[in-house]
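The model comes first, then the notes.

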Amino acid sequence: MARIPQAELTGIYGAVVKRMSRKMLGDVPEGVGVVWHNRKVTNFSFSVARQVQKWDRCDENLKSFAHMAVASMVGCAFCLDYGYFQAHNKGLDETKAREVPRWRESDVFTPLERDVLEYAEAMTLTPPTVTDELSARLLEALGPAALVELTAFIALTNFMTRSNTAMGIESQGLAASCGLKPLSERPTTRTQPTS
(Lines give C-alpha, C1' and ligand atoms only; values in the text may rest on other atoms or scores of the structure.)
Protein backbone atom coordinates (compact mmCIF):
# COMPACT_ATOMS: atom_id res chain seq x y z
CA MET A 1 0.00 0.00 0.00
CA ALA A 2 1.27 3.45 -0.92
CA ARG A 3 2.61 5.76 1.78
CA ILE A 4 0.41 8.55 0.42
CA PRO A 5 -3.30 7.75 0.12
CA GLN A 6 -4.81 7.79 -3.34
CA ALA A 7 -6.90 10.77 -4.36
CA GLU A 8 -10.13 10.26 -6.22
CA LEU A 9 -9.73 10.97 -9.93
CA THR A 10 -12.48 13.50 -10.59
CA GLY A 11 -13.77 15.68 -13.37
CA ILE A 12 -13.44 15.24 -17.11
CA TYR A 13 -9.65 14.92 -16.91
CA GLY A 14 -9.98 12.25 -14.22
CA ALA A 15 -12.46 10.32 -16.37
CA VAL A 16 -10.09 10.48 -19.35
CA VAL A 17 -7.13 9.32 -17.24
CA LYS A 18 -9.15 6.40 -15.83
CA ARG A 19 -10.34 5.40 -19.29
CA MET A 20 -6.85 5.54 -20.83
CA SER A 21 -5.31 3.67 -17.89
CA ARG A 22 -7.86 0.89 -18.16
CA LYS A 23 -7.36 0.70 -21.91
CA MET A 24 -3.55 0.53 -21.64
CA LEU A 25 -3.16 -1.44 -18.40
CA GLY A 26 -6.50 -3.03 -17.61
CA ASP A 27 -6.88 -0.93 -14.45
CA VAL A 28 -5.90 2.40 -12.92
CA PRO A 29 -2.54 1.95 -11.15
CA GLU A 30 -2.28 3.04 -7.55
CA GLY A 31 0.45 5.53 -8.47
CA VAL A 32 -1.94 7.54 -10.64
CA GLY A 33 -4.18 8.14 -7.64
CA VAL A 34 -1.19 9.11 -5.53
CA VAL A 35 0.22 11.71 -7.94
CA TRP A 36 -3.31 13.00 -8.62
CA HIS A 37 -2.91 15.04 -5.40
CA ASN A 38 -0.65 17.40 -7.38
CA ARG A 39 -1.92 17.99 -10.92
CA LYS A 40 1.27 19.75 -12.01
CA VAL A 41 3.26 16.64 -11.11
CA THR A 42 0.61 14.45 -12.76
CA ASN A 43 0.74 16.51 -15.95
CA PHE A 44 4.54 16.52 -15.95
CA SER A 45 4.67 12.73 -15.55
CA PHE A 46 2.18 12.12 -18.35
CA SER A 47 3.88 14.66 -20.63
CA VAL A 48 7.33 13.15 -20.10
CA ALA A 49 5.97 9.65 -20.70
CA ARG A 50 4.36 10.76 -23.99
CA GLN A 51 7.55 12.47 -25.16
CA VAL A 52 9.77 9.51 -24.28
CA GLN A 53 7.51 7.21 -26.33
CA LYS A 54 8.43 9.27 -29.40
CA TRP A 55 12.16 8.66 -29.01
CA ASP A 56 13.36 6.27 -31.68
CA ARG A 57 17.14 6.35 -31.96
CA CYS A 58 17.84 3.53 -29.49
CA ASP A 59 16.53 -0.02 -29.79
CA GLU A 60 13.37 -0.63 -27.73
CA ASN A 61 14.70 -3.91 -26.30
CA LEU A 62 17.81 -2.16 -25.02
CA LYS A 63 15.75 0.58 -23.37
CA SER A 64 13.40 -2.02 -21.90
CA PHE A 65 16.32 -3.94 -20.39
CA ALA A 66 17.84 -0.70 -19.05
CA HIS A 67 14.52 0.28 -17.47
CA MET A 68 14.19 -3.05 -15.73
CA ALA A 69 17.83 -3.03 -14.58
CA VAL A 70 17.29 0.32 -12.88
CA ALA A 71 13.99 -0.86 -11.37
CA SER A 72 15.63 -4.03 -10.07
CA MET A 73 18.52 -2.15 -8.56
CA VAL A 74 16.36 0.55 -6.94
CA GLY A 75 13.78 -2.00 -5.81
CA CYS A 76 10.73 -0.62 -7.62
CA ALA A 77 8.38 -3.60 -7.81
CA PHE A 78 5.81 -1.60 -9.78
CA CYS A 79 8.42 -0.59 -12.38
CA LEU A 80 9.66 -4.16 -12.79
CA ASP A 81 6.10 -5.42 -13.18
CA TYR A 82 5.28 -2.63 -15.64
CA GLY A 83 8.49 -3.16 -17.62
CA TYR A 84 7.84 -6.88 -18.02
CA PHE A 85 4.20 -6.17 -18.96
CA GLN A 86 5.32 -3.58 -21.54
CA ALA A 87 7.90 -5.96 -23.03
CA HIS A 88 5.09 -8.47 -23.54
CA ASN A 89 2.69 -5.91 -25.03
CA LYS A 90 5.28 -4.38 -27.36
CA GLY A 91 6.41 -7.77 -28.65
CA LEU A 92 9.89 -7.39 -27.15
CA ASP A 93 12.04 -10.28 -25.96
CA GLU A 94 10.14 -11.56 -22.91
CA THR A 95 12.70 -14.26 -22.15
CA LYS A 96 15.45 -11.69 -21.78
CA ALA A 97 13.18 -9.20 -19.97
CA ARG A 98 12.37 -11.92 -17.45
CA GLU A 99 16.09 -12.45 -16.79
CA VAL A 100 17.05 -8.80 -16.24
CA PRO A 101 17.02 -8.99 -12.42
CA ARG A 102 19.75 -11.65 -12.61
CA TRP A 103 21.46 -10.52 -15.81
CA ARG A 104 24.99 -11.07 -14.53
CA GLU A 105 24.31 -14.79 -13.92
CA SER A 106 22.13 -15.32 -17.01
CA ASP A 107 23.53 -16.51 -20.35
CA VAL A 108 20.76 -15.04 -22.56
CA PHE A 109 22.25 -11.57 -23.12
CA THR A 110 24.58 -10.42 -25.89
CA PRO A 111 27.74 -8.42 -25.08
CA LEU A 112 25.98 -5.19 -26.15
CA GLU A 113 22.97 -5.95 -23.95
CA ARG A 114 25.30 -6.65 -21.02
CA ASP A 115 27.01 -3.30 -21.59
CA VAL A 116 23.61 -1.55 -21.59
CA LEU A 117 22.63 -3.30 -18.36
CA GLU A 118 25.95 -2.41 -16.77
CA TYR A 119 25.56 1.20 -17.94
CA ALA A 120 22.07 1.39 -16.42
CA GLU A 121 23.38 0.13 -13.09
CA ALA A 122 26.45 2.36 -13.20
CA MET A 123 24.23 5.40 -13.77
CA THR A 124 21.94 4.34 -10.92
CA LEU A 125 24.64 4.06 -8.27
CA THR A 126 25.38 7.07 -6.08
CA PRO A 127 27.74 8.43 -7.13
CA PRO A 128 27.48 7.10 -10.69
CA THR A 129 30.29 4.75 -11.70
CA VAL A 130 30.14 5.04 -15.50
CA THR A 131 33.61 4.51 -16.95
CA ASP A 132 35.23 5.90 -20.07
CA GLU A 133 35.75 2.34 -21.35
CA LEU A 134 32.08 1.39 -21.00
CA SER A 135 30.96 4.66 -22.59
CA ALA A 136 33.38 4.14 -25.48
CA ARG A 137 32.06 0.62 -26.15
CA LEU A 138 28.48 1.86 -26.16
CA LEU A 139 29.33 4.85 -28.34
CA GLU A 140 30.97 2.58 -30.88
CA ALA A 141 28.09 0.09 -30.85
CA LEU A 142 25.17 2.51 -30.75
CA GLY A 143 26.39 5.83 -32.12
CA PRO A 144 26.04 9.20 -30.42
CA ALA A 145 22.29 9.78 -30.96
CA ALA A 146 21.29 6.41 -29.51
CA LEU A 147 23.70 6.74 -26.58
CA VAL A 148 22.32 10.18 -25.72
CA GLU A 149 18.80 8.73 -25.86
CA LEU A 150 19.75 5.72 -23.73
CA THR A 151 21.41 7.98 -21.16
CA ALA A 152 18.40 10.30 -20.92
CA PHE A 153 16.06 7.30 -20.76
CA ILE A 154 18.01 5.78 -17.86
CA ALA A 155 18.08 9.13 -16.04
CA LEU A 156 14.30 9.48 -16.38
CA THR A 157 13.82 5.88 -15.30
CA ASN A 158 15.77 6.69 -12.14
CA PHE A 159 13.43 9.62 -11.51
CA MET A 160 10.34 7.41 -11.89
CA THR A 161 11.63 4.37 -9.99
CA ARG A 162 12.94 6.40 -7.08
CA SER A 163 9.70 8.41 -6.88
CA ASN A 164 7.57 5.26 -6.90
CA THR A 165 9.76 3.55 -4.32
CA ALA A 166 9.76 6.57 -1.99
CA MET A 167 5.96 6.84 -2.23
CA GLY A 168 5.55 3.10 -1.59
CA ILE A 169 3.96 2.29 -4.96
CA GLU A 170 3.91 -1.50 -5.20
CA SER A 171 3.47 -4.02 -8.00
CA GLN A 172 0.00 -4.02 -9.55
CA GLY A 173 0.21 -7.58 -10.91
CA LEU A 174 0.22 -6.43 -14.53
CA ALA A 175 2.55 -9.17 -15.78
CA ALA A 176 0.64 -11.86 -13.88
CA SER A 177 -2.60 -10.69 -15.52
CA CYS A 178 -1.02 -11.57 -18.88
CA GLY A 179 -0.05 -15.04 -17.68
CA LEU A 180 3.69 -14.23 -17.84
CA LYS A 181 6.12 -16.39 -15.89
CA PRO A 182 7.37 -14.75 -12.69
CA LEU A 183 10.47 -12.60 -13.03
CA SER A 184 13.77 -14.20 -12.16
CA GLU A 185 14.99 -13.32 -8.70
CA ARG A 186 17.85 -10.89 -8.23
CA PRO A 187 20.71 -12.49 -6.31
CA THR A 188 20.58 -11.65 -2.62
CA THR A 189 24.05 -10.13 -2.66
CA ARG A 190 24.24 -7.16 -4.96
CA THR A 191 27.21 -7.23 -7.22
CA GLN A 192 28.87 -3.93 -7.99
CA PRO A 193 29.43 -3.19 -11.69
CA THR A 194 32.78 -4.44 -12.96
CA SER A 195 34.45 -2.29 -15.60
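Axes here are lines fitted to C-alpha atoms, for helices over the stretch in contact, and angles run from 0 to 180 degrees between N-to-C directions. Helices (H or I, at least four residues) and strands (E, at least two) are DSSP runs, numbered from the N terminus. The model is predicted: local features need pLDDT of at least 70, side-chain atom pairs count only at pLDDT 80 or more, and totals for chains, interfaces and linings use all residues. Residues are numbered from 1 along each chain as its sequence is written, and side-chain values use heavy atoms, with hydrogens and water left out.

**Helices α8 and α9**

- Helix α8 (residues 132–142) and helix α9 (residues 144–167) have axes that come within 7 Å and cross at roughly 125°.
- That angle makes α8 oblique to α9; angles under 35 degrees count as roughly parallel, over 145 as roughly antiparallel, 65 to 115 as roughly perpendicular and the rest as oblique.
- The α8 and α9 crossing is right-handed; the term applies if the near helix is turned clockwise from the far one by less than a right angle, and left-handed if anticlockwise.
- From α8, Ser135, Leu138, Leu139 and Leu142 meet Pro144, Ala146, Leu147 and Leu150 of α9, contact meaning heavy atoms within 4.5 Å.
- By class, this contact of α8 with α9 has 7 nonpolar, 1 polar and no charged residues (Ala, Val, Leu, Ile, Met, Phe, Trp, Tyr, Cys and Pro count as nonpolar, Asp, Glu, Lys and Arg as charged, and the others, Gly among them, as polar).

**Helices α4 and α5**

- The axes of helix α4 (residues 60–74) and α5 come within 8 Å, crossing at roughly 160°.
- The two helices, α4 and α5, are therefore roughly antiparallel to each other, and their crossing is left-handed.
- Ser64, His67, Met68, Ala71 and Ser72 of α4 make the contact with Cys79, Leu80, Gly83, Tyr84 and Ala87 of α5.
- The contact of α4 with α5 has 6 nonpolar, 4 polar and no charged residues by class.

**Cys79**

- Cys79 lies in helix α5 (residues 77–89).
- Cys79 counts as buried because its relative accessibility is 4% (buried means under 20% relative accessible area, exposed over 50%, partly exposed in between, with a 1.4 Å probe and protein chains only).
- Leaving out residues up to four places away in sequence, Cys79 touches His67, Ala71, Thr161 and Asn164.

**Annotated span**

- UniProt lists residues 55–122 as "domain: Carboxymuconolactone decarboxylase-like" in an unreviewed entry.
- The span of residues 55–122 is 68% helix and 0% strand, and its end C-alpha atoms lie 22 Å apart.

How values were computed. UniProt positions are given in the numbering used here, feature names are shortened, and annotations may be inferred rather than shown by experiment.
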